[in-house]
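Q: I have just opened this structure and would like a guided tour. Could we go through it step by step?
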Amino acid sequence: MTSIDILVIGHLERGADGSVVPSGTWSTSSLVRTDDGHNIVVDTSQGYMGAGIRSSFKQIVRIFPEDVDTVVLTHGHPDHIGNLGLFRNAEVLKFSGGDPMDGVTLLDTEKEIAKGVRFVRTPGHTEDSGSLFVDADRRYALVGDAVPLQENLEKKAVPALNCDPDEAMASMKRIVQYADVVVPGHGKPFGISALKRLYK
């Protein structure tokens with residue numbers, strides 16, 4: 001069965017004025033292993049979290065970063081792309097619309113990466129934002145900053161940093177309609193059954 005492991009749980013630190021503090025902010029990084037042998041990493045976190053990612057590969061999932069065949073970037077912000085060099089054998093995928101990135105395949109359309117694993121557009125935080133929808137024991141959405149924190153869904157609050165609040169809310173609704181569990185950009189996974197009524 002397709003499985004999901006969290007390599008690093010993200011964190012979001014804000015200053016007194018509410019702005020994000022880059023030195024204290026990193027994204028969640030996850031590994032999806034599919035029935036048909038794909039190893040897919042979603043986001044590679046901030047650069048200084050590399051040791052934590054390597055430790056997770058050794059202690060939790062018992063495979064090597066070189067075994068990863070695909071890296072999915074939910075968008076191109078630095079706190080989500082900092083350890084691409086760990087995955088030297090992987091194709092790196094991101095949706096078009098953001099800044100160009102060397103060695104990254106830019107997608108203009110949604111893509112099925114493996115059976116039951118689909119990379120979908122969820123714009124609003126940024127133009128290039130995407131999420132990985134995964135059918136496993138439940139339906140998982142690994143969403144980057146389309147949902148930075150659990151409280152964003154609970155409060156129906158779009159990301160504070162966004163390029164289009166209407167698109168951001170539409171993306172949150174799409175995520176809620178699909179998922180049973182959300183892996184947010186900067187926190188641990190959480191179930192959303194109680195939240196679905198808020199987005200009807």
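Q: Which residues lie nearest the centre of the largest pocket?
A: This is a predicted model. In it, Leu12, Arg14, Val20, His125 and Leu161 lie nearest the centre of the largest pocket, which has a lining of 22 residues.

Q: And what volume does the largest pocket have?
A: The largest pocket holds about 390 Å³ of space.

Q: How do the residues of its lining divide into nonpolar, polar and charged?
A: The lining of the largest pocket has 10 nonpolar, 7 polar and 5 charged residues.

Q: Moving on to cavities: how many of 30 Å³ or more are found in the whole structure?
A: The search finds 1 cavity of 30 Å³ or more. The volume of the largest cavity is about 60 Å³.

Q: Which residues line the largest cavity?
A: The lining consists of Thr28, Ser30, Val42, Asp43, Thr74, Leu142, Val143, Gly144, Val183, Pro184 and Gly185. By class, 5 of the lining residues are nonpolar, 5 are polar and 1 is charged.

Q: What holds paired strands together in general?
A: Strands of a sheet pair through backbone hydrogen bonds, and the pairing is either parallel or antiparallel.

Q: What is the strand order in the open sheet of 6 strands?
A: The order of this open sheet is S1-S2-S3-S4-S5-S6, and its pairing is mixed. At the edges are strand S1 (3-8) and strand S6 (104-107), each of which pairs on one side only. On average, neighbouring strands of this sheet are turned by 25° against each other, direction ignored.

Q: Which strands does helix H1 lie across?
A: Helix H1, residues 50-61, lies across S1, strand S2 (29-33) and S3. The helix runs at about 140° to S1.

Q: Why does aspartate 43 count as buried?
A: Aspartate 43 counts as buried because its relative accessibility is 2%, and the cut-off for buried is under 20%.

Q: What about serine 45: where does it lie?
A: Serine 45 lies in the loop between S3 and H1. Serine 45 has a phi near 65°, a positive value in a residue other than glycine.

Q: Is serine 45 buried or exposed?
A: Serine 45 is buried, since its relative accessible area is 0%.

Q: One last topic: which helix contains serine 171?
A: Serine 171 is in helix H3, which spans residues 165-178.

Q: Which residues does serine 171 touch, leaving out those up to four places away in sequence?
A: Serine 171 touches Thr122 and Pro123.

Q: And why does serine 171 count as buried?
A: Serine 171 counts as buried because its relative accessibility is 5%.

Note on methods
Residues are numbered from 1 along each chain as its sequence is written. This is a predicted model: local features need pLDDT of at least 70, side-chain atom pairs count only at pLDDT 80 or more; totals for chains, interfaces and linings use all residues. Side-chain values use heavy atoms; hydrogens and water are left out. Helices (H or I, at least four residues) and strands (E, at least two) are DSSP runs, numbered from the N terminus. Buried means under 20% relative accessible area, exposed over 50%, partly exposed in between (1.4 Å probe, protein chains only). Contact means heavy atoms within 4.5 Å. On a 1 Å grid over the protein atoms alone, a cavity is a set of points where a 1.4 Å probe fits but cannot get out, and a pocket is an open set with protein on both sides within 12 Å along at least five of seven lines; lining residues have an atom within 4 Å of a point. Grid points are joined across faces, edges and corners, and a volume is the space filled by probe spheres set on the points. Ala, Val, Leu, Ile, Met, Phe, Trp, Tyr, Cys and Pro count as nonpolar, Asp, Glu, Lys and Arg as charged, and the others, Gly among them, as polar. Two strands pair if DSSP finds at least two bridges between them. Axes are lines fitted to C-alpha atoms, for helices over the stretch in contact, and angles run from 0 to 180 degrees between N-to-C directions.
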